[in-house]
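The sequence and structure are shown first.

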Amino acid sequence: MGRRVWLHRALAIAAVPAAFLLGLEVVLRAVGYGRPANFLIPDAVPGCYRTNPEFVASFMPGSFDLRPLNQRLARRKPPGALRVVVLGESAVQGIPVPAFGFVAQLRAQLRARYPGRTIEVLNAGIVAIDSHVVYRIARELAGFSPDLFVVYMGNNEVVGPYGPGSAYLDRMPPLWLVRLSVAVKASRTGQLLAACLGRFHGGRANGPQWGGMAMFVDHGVRGDDPRLQTVYANFEANLRGILQAADGCGARTVLCTVVSNLKDCAPFLSLHRPGLAGPELASWQQAYQAGFIQWLIGAEPSARRNLQRAWELDPQYAATAFLLGRIDLDRGDVASARAEFLAAQHWDALRFRPDEPINAIIRRVAADAGPAVALLDLARALGSDRESTVAPAGRELLFEHVHFDWAGNVAVAAAMADSAQRLLGGGGAGLDASACAAAVGYCPYERRNLLEHIGTVVQHPPFTGQVTYPIDQARFAGALRAALAVAQSPAARDRAAEVLRAARAADPDDPDLPKLAEDVDDDRGDLAAALADARAAERLQPRNFALATDEAIKLSRLGRTRESQALLQATARGCSPRDRALMAPAFADLYARTGRFAEGRRYLAAECAELPAEASLRLVQARFEHLAGDDSESEKLYRSLLRSDPANVAALSGLVAELQAEGRTREADAAALGGFAGQPDNFDNDVHCAVLWAQRGDAPNEDRCLLAAERCGPMSSGMELTLARHLFAANQPADAVTHLGWARLIAGAEGDTAVEAQIDAAIARLR
């Protein structure tokens, strides 16, 4: 009897707070407090849902402002439609340009193979998420009648939310706690609690900002870290949960292994094995440094001997394995090279690429599944697996570590379409590469677009720490120069417009094509056509601030300023503070075009007062004052920004450019030199400062700036030769030969055979 009493008391004690929390949740929802936490939320179009811009806030800080692609989906699937959901991370989203990624191409392939059906492909990829988030998305989207899931994930299991390499969590919670945490954050009660706690930390405006891959450089995870076993177990549990969700709604699934760049992506972070110290460390340093320099100057047999010695002393230093792989690949030993590249990937402590166990888990889960699941072994087919029989995956397929270039996207999309067709049955022939390019509007003109976007990634940490960074950057700069030359050709622009007109006529429901056409028509100077394109894009996508701002800018440039202002103001009223800050340049442009500078100043002052942490608003202020003719106020704002944030690249660039435009060359030079200390990773300023020191005959300071430039941007062979000459003169032969070697490789990338021959002759003399 006593036990029953205590049981009833315990239940009562638990029931009271549970009832209170349930009631609070109901009340908060009834009054409209908080944000929806679903991946899809109701759209303005009746019967349709749209991707939720704030979905990621349940997993990462809301201040990161990471969002799914802006898409719309009908709640009820149209009769006879084929509905496909593609799940994954940034590679699925289509970094650097989603319109040309493999998901966009998969849709084109399926439209060609099933010409009589409506094809709906929802791209559920989001930057920086991992399988914990994908699991949540899959369970929700199972309720939207998908016919097929395509799963391509595994790149972010260590660095994503709740992983041991996460840059924004202190510890790695167990799976049950991850799922409980997500459920709490998704509730309105959890959001209220988070908001209350956030007041003690400055609120969302002062929260951590998304810094891309650079955020993770201090969060290395070794290849033998015991926490990886939990990562693998969680990944497998989430993957099986995704397949259960698909099976529960009767959908088939294409389960893909993930591809990584083995051949041309050097490790991001190499760490020594524990215990390497004293004479043993000194021996390693001597062997590694000798091998590295010999690799640079083309003395590969001796380079291999020294690097092999270094690897024997420390079989965990990832860069050593990578260099051995490059040497063995050059001499035709593909099997050894592949094993060494995989070892380099395994010991790379910044784990932005999937380790071998990730793909092993994918294969095992697929093997355990029934006939509704097909394994698509892309890693093996495209050369990033130990059992691959093709060349190791490299820059022929991928831009950097895991994001596909055009050729890689073509190969992946075609393979996915083949697997989907085998699962779904029926259908006809697919598209070849050229037909697929025509379908998604891709042509040589668009190459610039891809490279400019990926350039914002590869010129920052952790890429700057790669052992091959100078030559990688030189190759990238050459490719970008060639792409820019094509894009600046009127004939190429006209051809791009023709390709897009044909693509839109064949596929009028593709929301990406009008936006691509808008950019091309803008470049061609056809503002009326660009405005029509912007409005077409708005009709095909859920309305958001970016689409409305694009339209407003076109209206303003066409002289339709009242319409532009009305649209901007109506859009801003429904925007988050962050989105309003992103709209500020459009408002400033409008006020400047109409000569309403006093009104513009009041608007910007009010926005800055409301969002004091948004440095971008103060930059807009500075540029606006320049347009208003008040250069002294503009200069004052730039200098104020630099005092509060010496690393603000845009503020330094703006200040130097303004001083130069005013003819104040000496002050501009002083600003550039003074900004160097706070911005050693500002490549343009580094080179500018190097030139200034060279003009003054100050070789040590010139070298200091050139060495900084080498770590953050594309060096020329001439810059490297300058460093080599100065270091020889300073009696630093090892460092001098290193830069001579870089000059040799870069000259080859530049196609300057004469300089390359001269450097080879100099190296031969040194030997």
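In this predicted model, Ile41 stands opposite Arg50 of strand S2. Strands S1 and S2 are joined by three bridges in the antiparallel sense. They belong to an open sheet of three strands, ordered S1-S2-S3 with antiparallel pairing. S1 and S3 each have a single partner strand, so one side of each is left without a neighbour in the sheet. From one strand to the next, the twist averages 40°.

| Strand | Residues |
|---|---|
| S1 | 40–42 |
| S2 | 48–51 |
| S3 | 72–74 |

Helix H10 covers residues 318–330; at 1.5 Å a residue its 13 residues should span 18 Å, and the 19 Å between its end C-alpha atoms agrees with this. Of these 13 residues, 11 are buried, including Phe322, Leu323, Arg326 and Asp328. The buried residues of H10 pack against helices H8 (278–296), H9 (300–313), H11 (334–347) and H17 (469–487). After H10 comes Gly332, with a positive phi near 90°.

The largest nonpolar core comprises 82 residues, and Leu87, Phe102, Ile137, Leu141, Tyr152, Leu378 and Met416 have the most contacts inside it. Helix H7 (residues 227–248) gives the most to this core, with eight residues. A second, separate core has 62 residues, among them Ala344, Trp347, Tyr638 and Val656. Beyond its neighbours within four places in sequence, Leu141 is in contact with Phe39, Leu40, Val85, Leu122, Ala124, Pro146 and Phe149.

Conventions:
Residues numbered from 1 in each chain as written. Predicted model: local features only at pLDDT ≥ 70, side-chain atom pairs only at ≥ 80, totals over all residues. Heavy atoms only, no water. Core = buried A, V, L, I, M, F, W, Y, C linked by side-chain atoms within 4.5 Å. Buried < 20%, exposed > 50% of the residue type's maximum accessible area, 1.4 Å probe, protein only. Helix = DSSP H or I, 4+ residues; strand = E, 2+ residues; numbered from the N terminus. Contact = heavy atoms within 4.5 Å. Pairing = 2+ DSSP bridges. Axes fitted to C-alpha atoms, helices over the stretch in contact; angles between N-to-C directions. Expected span 1.5 Å × (residues − 1).
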